[in-house]
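Have a look at the sequence and the structure first.

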Amino acid sequence: MMELRSQLGFYKYYHNNTVNVLIHAVFIPIILYSSLAILSDVELLNWRGNTLLSVLYSLFYIYLSVPTGLLFSVIFVAMNTAISNGVLASTKEKWSLFILGWVCQFIGHYRCEGEKPAVFDNLIQSLVLAPYFILFELLFKLGFYPELYKELDKDVKLMKIRKGKPIQ
(Lines give C-alpha, C1' and ligand atoms only; values in the text may rest on other atoms or scores of the structure.)
Protein backbone atom coordinates (compact mmCIF):
# COMPACT_ATOMS: atom_id res chain seq x y z
CA MET A 1 0.00 0.00 0.00
CA MET A 2 2.96 2.33 0.57
CA GLU A 3 3.90 2.31 -3.12
CA LEU A 4 0.30 3.18 -3.99
CA ARG A 5 0.34 5.93 -1.38
CA SER A 6 3.56 7.47 -2.71
CA GLN A 7 2.37 7.28 -6.33
CA LEU A 8 -0.98 8.90 -5.56
CA GLY A 9 0.73 11.38 -3.23
CA PHE A 10 2.95 12.60 -6.07
CA TYR A 11 -0.08 13.34 -8.20
CA LYS A 12 -2.27 14.71 -5.40
CA TYR A 13 0.42 17.26 -4.53
CA TYR A 14 -0.46 19.09 -7.76
CA HIS A 15 -4.25 18.74 -7.37
CA ASN A 16 -5.68 20.43 -4.30
CA ASN A 17 -8.14 22.93 -5.70
CA THR A 18 -11.67 21.50 -5.89
CA VAL A 19 -12.44 23.15 -9.24
CA ASN A 20 -9.19 21.88 -10.76
CA VAL A 21 -9.87 18.34 -9.50
CA LEU A 22 -13.36 18.56 -11.04
CA ILE A 23 -11.86 19.74 -14.35
CA HIS A 24 -9.52 16.76 -14.20
CA ALA A 25 -12.38 14.40 -13.33
CA VAL A 26 -14.12 15.44 -16.54
CA PHE A 27 -11.19 15.84 -18.92
CA ILE A 28 -8.78 13.05 -17.91
CA PRO A 29 -11.29 10.39 -19.01
CA ILE A 30 -11.78 12.34 -22.25
CA ILE A 31 -8.01 12.51 -22.81
CA LEU A 32 -7.63 8.82 -21.98
CA TYR A 33 -10.47 7.76 -24.26
CA SER A 34 -9.32 9.96 -27.15
CA SER A 35 -5.72 8.72 -26.67
CA LEU A 36 -6.90 5.12 -26.86
CA ALA A 37 -8.97 5.98 -29.95
CA ILE A 38 -5.94 7.62 -31.60
CA LEU A 39 -3.74 4.65 -30.69
CA SER A 40 -6.30 2.20 -32.10
CA ASP A 41 -5.03 3.25 -35.53
CA VAL A 42 -1.44 2.27 -34.64
CA GLU A 43 -0.05 -1.26 -34.64
CA LEU A 44 2.94 -2.19 -32.47
CA LEU A 45 4.33 -5.72 -32.15
CA ASN A 46 1.15 -7.14 -33.71
CA TRP A 47 -0.97 -5.34 -31.10
CA ARG A 48 -3.18 -2.31 -31.57
CA GLY A 49 -1.68 0.63 -29.68
CA ASN A 50 -4.80 1.09 -27.53
CA THR A 51 -4.75 -2.55 -26.45
CA LEU A 52 -1.04 -2.47 -25.64
CA LEU A 53 -1.38 0.73 -23.61
CA SER A 54 -4.42 -0.65 -21.77
CA VAL A 55 -2.59 -3.85 -20.84
CA LEU A 56 0.51 -2.00 -19.63
CA TYR A 57 -1.50 0.50 -17.56
CA SER A 58 -3.67 -2.30 -16.14
CA LEU A 59 -0.63 -4.32 -15.07
CA PHE A 60 0.86 -1.28 -13.31
CA TYR A 61 -2.44 -0.43 -11.62
CA ILE A 62 -2.86 -4.06 -10.48
CA TYR A 63 0.68 -3.95 -9.12
CA LEU A 64 -0.25 -0.87 -7.05
CA SER A 65 -3.58 -2.28 -5.82
CA VAL A 66 -5.26 -5.46 -7.07
CA PRO A 67 -8.93 -4.46 -6.49
CA THR A 68 -8.69 -1.00 -8.07
CA GLY A 69 -6.33 -2.26 -10.77
CA LEU A 70 -8.86 -4.88 -11.77
CA LEU A 71 -11.63 -2.28 -11.67
CA PHE A 72 -9.66 -0.05 -14.01
CA SER A 73 -8.97 -3.03 -16.28
CA VAL A 74 -12.74 -3.37 -16.70
CA ILE A 75 -12.90 0.35 -17.55
CA PHE A 76 -10.23 -0.21 -20.22
CA VAL A 77 -12.21 -3.11 -21.67
CA ALA A 78 -15.31 -0.91 -21.84
CA MET A 79 -13.42 1.95 -23.48
CA ASN A 80 -11.74 -0.30 -26.03
CA THR A 81 -15.03 -2.02 -26.82
CA ALA A 82 -16.62 1.37 -27.50
CA ILE A 83 -13.68 2.30 -29.72
CA SER A 84 -13.97 -1.02 -31.61
CA ASN A 85 -17.66 -0.26 -32.13
CA GLY A 86 -16.84 3.06 -33.78
CA VAL A 87 -17.55 5.49 -30.94
CA LEU A 88 -15.32 8.47 -31.76
CA ALA A 89 -14.29 7.16 -35.14
CA SER A 90 -13.10 10.19 -37.08
CA THR A 91 -9.56 11.47 -36.77
CA LYS A 92 -10.90 15.01 -36.34
CA GLU A 93 -13.09 13.96 -33.37
CA LYS A 94 -10.24 12.06 -31.71
CA TRP A 95 -7.74 14.89 -31.96
CA SER A 96 -10.26 17.63 -31.15
CA LEU A 97 -11.23 15.97 -27.87
CA PHE A 98 -7.61 15.19 -27.06
CA ILE A 99 -6.55 18.82 -27.55
CA LEU A 100 -9.63 20.21 -25.75
CA GLY A 101 -8.88 17.98 -22.76
CA TRP A 102 -5.30 19.17 -22.49
CA VAL A 103 -6.21 22.84 -22.89
CA CYS A 104 -8.77 22.55 -20.08
CA GLN A 105 -6.23 20.78 -17.86
CA PHE A 106 -3.70 23.58 -18.28
CA ILE A 107 -6.33 26.25 -17.67
CA GLY A 108 -7.33 24.41 -14.48
CA HIS A 109 -3.77 24.37 -13.23
CA TYR A 110 -2.86 27.93 -13.96
CA ARG A 111 -6.22 29.54 -13.09
CA CYS A 112 -7.34 27.36 -10.15
CA GLU A 113 -4.17 25.91 -8.63
CA GLY A 114 -1.85 28.76 -9.59
CA GLU A 115 0.77 26.07 -10.20
CA LYS A 116 2.37 24.22 -13.06
CA PRO A 117 0.94 20.78 -13.85
CA ALA A 118 2.63 17.59 -12.65
CA VAL A 119 3.61 16.73 -16.25
CA PHE A 120 6.38 19.34 -16.06
CA ASP A 121 8.05 17.51 -13.17
CA ASN A 122 7.52 13.91 -14.26
CA LEU A 123 5.86 13.37 -17.63
CA ILE A 124 5.56 9.58 -17.60
CA GLN A 125 4.46 9.29 -13.97
CA SER A 126 1.82 11.98 -14.54
CA LEU A 127 0.42 10.43 -17.71
CA VAL A 128 0.19 6.98 -16.13
CA LEU A 129 -1.19 8.12 -12.77
CA ALA A 130 -3.77 10.68 -13.91
CA PRO A 131 -6.56 8.21 -14.75
CA TYR A 132 -5.87 6.14 -11.64
CA PHE A 133 -5.88 9.26 -9.46
CA ILE A 134 -9.30 10.24 -10.81
CA LEU A 135 -10.63 6.75 -10.05
CA PHE A 136 -9.35 7.10 -6.49
CA GLU A 137 -10.88 10.57 -6.14
CA LEU A 138 -14.24 9.02 -7.05
CA LEU A 139 -13.70 6.12 -4.66
CA PHE A 140 -12.77 8.56 -1.87
CA LYS A 141 -15.98 10.53 -2.50
CA LEU A 142 -17.95 7.27 -2.29
CA GLY A 143 -16.39 6.52 1.11
CA PHE A 144 -13.83 3.91 0.06
CA TYR A 145 -10.26 3.93 1.37
CA PRO A 146 -10.83 6.56 4.11
CA GLU A 147 -7.47 5.86 5.77
CA LEU A 148 -5.58 6.23 2.51
CA TYR A 149 -7.41 9.52 1.88
CA LYS A 150 -6.34 10.86 5.29
CA GLU A 151 -2.75 9.68 4.78
CA LEU A 152 -2.55 11.34 1.36
CA ASP A 153 -3.93 14.59 2.74
CA LYS A 154 -1.33 14.52 5.52
CA ASP A 155 1.47 13.63 3.08
CA VAL A 156 0.57 16.49 0.73
CA LYS A 157 0.48 19.00 3.58
CA LEU A 158 3.95 17.86 4.70
CA MET A 159 5.31 18.10 1.13
CA LYS A 160 3.93 21.62 0.81
CA ILE A 161 5.43 22.68 4.15
CA ARG A 162 8.83 21.28 3.12
CA LYS A 163 8.68 23.20 -0.16
CA GLY A 164 7.39 26.41 1.47
CA LYS A 165 4.10 26.29 -0.44
CA PRO A 166 0.77 27.50 0.98
CA ILE A 167 -1.57 24.80 2.27
CA GLN A 168 -5.09 24.93 0.87
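Start with Arg 48, which is partly exposed at a relative accessible area of 39%. Here, buried means under 20% relative accessible area, exposed means over 50%, and partly exposed is in between, using a 1.4 Å probe and protein chains only. Keep in mind that this is a predicted model, where local features need pLDDT of at least 70, side-chain atom pairs count only at pLDDT 80 or more, and totals for chains, interfaces and linings use all residues. Residues are numbered from 1 along each chain as its sequence is written, and side-chain values use heavy atoms, with hydrogens and water left out.

Arg 48 has a partner: its side chain meets that of Glu 43 in a salt bridge. That term means a side-chain nitrogen of Lys or Arg within 4 Å of a carboxyl oxygen of Asp or Glu. By this rule there are eight salt bridges, including these:

| Pair | N to O distance | Relative accessibility |
|---|---|---|
| Arg 48 and Glu 43 | 3.8 Å | Arg 48: 39%; Glu 43: 47% |
| Asp 121 and Lys 116 | 2.8 Å | Asp 121: 41%; Lys 116: 38% |
| Glu 137 and Lys 12 | 3.4 Å | Glu 137: 10%; Lys 12: 8% |

Glu 137 counts as buried, and Lys 12 does too. Salt bridges can also join up: Arg 5, Glu 151 and Asp 155 are linked in a network of them.

Now for helix α4, which covers residues 66-84. Helices here are DSSP runs of H or I with at least four residues, numbered from the N terminus. From first C-alpha to last, α4 reaches 26 Å, close to the 27 Å expected at 1.5 Å a residue; that expected span is 1.5 Å times one less than the number of residues.

Which residues of α4 are buried? They are Thr 68, Gly 69, Phe 72, Ser 73, Phe 76, Met 79, Asn 80 and Ile 83. Seen down the axis of α4, these fall within an arc of 145 degrees, so they line one face of the helix. The arc is taken from the directions from the helix axis to the C-beta atoms. An α-helix has 3.6 residues a turn, so residues three or four places apart point the same way. On the face turned away from the buried side of α4 you'll find the exposed residues Pro 67, Val 74 and Val 77.

Note on methods
Helices (H or I, at least four residues) and strands (E, at least two) are DSSP runs, numbered from the N terminus.
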